[in-house]
Amino acid sequence: EDIEALGQVGLLTSYNNFEIQAGVIAIVLLAVVFLLLYFRAYPQSIEQTKEVILLAVLFLVFLALKRRFVSGHIVLPYLYPFAAYPLIVSALIDRRAAIFTAVPLAILMTYGSANALDLTLYYTLSSIMGLLILRKPQRISAYLRGAAITAVSGAVVVSAYRILNPSTDAAGMMTLIGASVFQGVASAGLTLLLEYILAPLLNLTTTLQLLELERPDHPLLAKFLQEAPGTYQHTLQVANLVEQAAEKINANSLLARVGA
């Protein structure tokens with residue numbers, strides 16, 4: 001009787017396996033075509049085979065983890081550090097590629113979910129906002145700013161959608177906003193970790209490695225200070241001038257300072 005009642009009011013819907021597979025194939029093909037058109041329009045985004053492999057691996061890993069362990073839950077999707085994907089791709093490969101590949105990734109990750117629309121916007125808007133803030137990640141503080149704007153953007157998306165749902169109470173709203181804050185912080189932390197691990201594969205120097213070389217207690221600098229203190233002080237003054245000059249021309253000021 002319950003099943004018949006649900007059927008009468010249109011709440012009982014069944015799908016056969018063919019329909020589900022057809023929908024999945026269609027959305028996957030659309031994502032593939034989107035990516036192919038992007039790389040055809042901007043072939044200079046990725047120039048090395050290593051970059052192509054790394055981008056594909058990151059894309060598939062983030063997608064598989066979300067679909068396998070997070071889908072079907074209520075709060076876990078909002079905790080998932082999706083923003084780490086475009087941030088690490090931007091840091092290691094290309095900024096434009098990070099934005100254009102994040103969109104189909106978010107669609108594939110949320111397809112079939114009950115709240116697919118708000119989750120897609122939650123992932124894409126919050127991550128792109130964080131990416132726009134993190135233009136030159138030359139200091140740890142830049143990652144903190146990226147985490148903050150990612151968290152705020154996600155909280156705004158959550159509030160905008162949940163406030164229209166009469167079943168959402170204050171506790172549920174605060175839980176999702178807290179999840180958005182966690183997502184922003186976790187994404188920034190995961191970005192730093194992945195950047196440190198993956199950068200050597202592309203022969204890149206990370207921000208953390210530069211900061212390590214800049215530390216006054218570095219063995220080489222410590223020896224320099226003991227054996228040639230006058231030249232050491234002069235070098236610090238030159239490094240400060242080089243850093244200021246690099247900032248004026250929008251160059252990598254941290255790299256210039258450490259080089260000096």
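This is a predicted model: local features need pLDDT of at least 70, side-chain atom pairs count only at pLDDT 80 or more; totals for chains, interfaces and linings use all residues.
Before anything else, one definition: when I say that residues are in contact, I mean heavy atoms within 4.5 Å. Hi everyone, and thanks for having me.

Let's begin with H5, residues 84-92. How many of its nine residues are buried? Eight of them are, so this helix is mostly covered, taking buried as under 20% relative accessible area. The buried ones are Ala-84, Tyr-85, Pro-86, Leu-87, Ile-88, Val-89, Ser-90 and Leu-92. And what do they pack against? The buried residues of H5 have H3, H6, H7 and H9 as their partners.

Let me take two of those partners in turn. Two packed helices are described by the angle between their axes and the distance between the axes. For H5 and H6, the axes come within 7 Å and cross at roughly 155°. Angles over 145 degrees count as roughly antiparallel, and H5 and H6 are therefore roughly antiparallel to each other. Their crossing is right-handed. On the H5 side, the residues involved are Tyr-85, Pro-86, Val-89 and Ser-90, and they meet Arg-95, Ala-97, Ala-98, Thr-101, Ala-102 and Leu-105 of H6. Sorted by class, this contact has seven nonpolar residues, two polar and one charged.

The axes of H5 and H9 come within 9 Å, and they cross at roughly 35°. Here too H5 makes a right-handed crossing, this time with H9. Ala-84, Leu-87, Ile-88, Ala-91 and Leu-92 are the H5 residues here, and across from them in H9 are Ser-187, Leu-190, Thr-191, Leu-194, Glu-195 and Leu-198. That contact of H5 with H9 comes out as eight nonpolar, two polar and one charged by class.

Next, follow the chain into H6 and H7. H6 covers residues 95-110 and H7 covers residues 116-133; they pack at an angle of about 165°, with axes 9 Å apart. That angle makes H6 roughly antiparallel to H7. H6 passes H7 in a right-handed crossing. From H6, the contact takes in Arg-95, Ala-98, Ile-99, Ala-102, Val-103, Ala-106, Ile-107, Met-109 and Thr-110; from H7, it takes in Ala-116, Leu-119, Thr-120, Tyr-123, Thr-124, Ile-128, Leu-131 and Leu-132. Of the residues in this contact of H6 with H7, 13 are nonpolar, three are polar and one is charged.

Let me finish with a few single residues. Leu-221 is found in helix H11, residues 219-227. Is Leu-221 buried or partly exposed? It is partly exposed, because its relative accessible area is 22%, and buried means under 20%. Leaving aside neighbours within four places in sequence, Leu-221 touches Leu-213, Glu-214, Arg-215, Pro-216 and Tyr-232. Between Leu-221 and Tyr-232 there are eleven residues of sequence separation, and 8.1 Å from C-alpha to C-alpha.

And now the backbone. Most residues other than glycine have a negative phi. Asn-203, though not a glycine, has a positive phi of about 60°. Its place is in the loop between H9 and H10, and at a relative accessible area of 67% Asn-203 is exposed. Asn-250 also has a positive phi, near 60°. You'll find Asn-250 in the loop between H12 and H13, where it counts as exposed at 60% relative accessibility.

That's my tour, and I'm happy to take questions.

Definitions and conventions: Residues are numbered from 1 along each chain as its sequence is written. Side-chain values use heavy atoms; hydrogens and water are left out. Axes are lines fitted to C-alpha atoms, for helices over the stretch in contact, and angles run from 0 to 180 degrees between N-to-C directions. Helices (H or I, at least four residues) and strands (E, at least two) are DSSP runs, numbered from the N terminus. Angles under 35 degrees count as roughly parallel, over 145 as roughly antiparallel, 65 to 115 as roughly perpendicular and the rest as oblique. A crossing is left-handed if the near helix is turned anticlockwise from the far one by less than a right angle, and right-handed if clockwise. Ala, Val, Leu, Ile, Met, Phe, Trp, Tyr, Cys and Pro count as nonpolar, Asp, Glu, Lys and Arg as charged, and the others, Gly among them, as polar. Buried means under 20% relative accessible area, exposed over 50%, partly exposed in between (1.4 Å probe, protein chains only).
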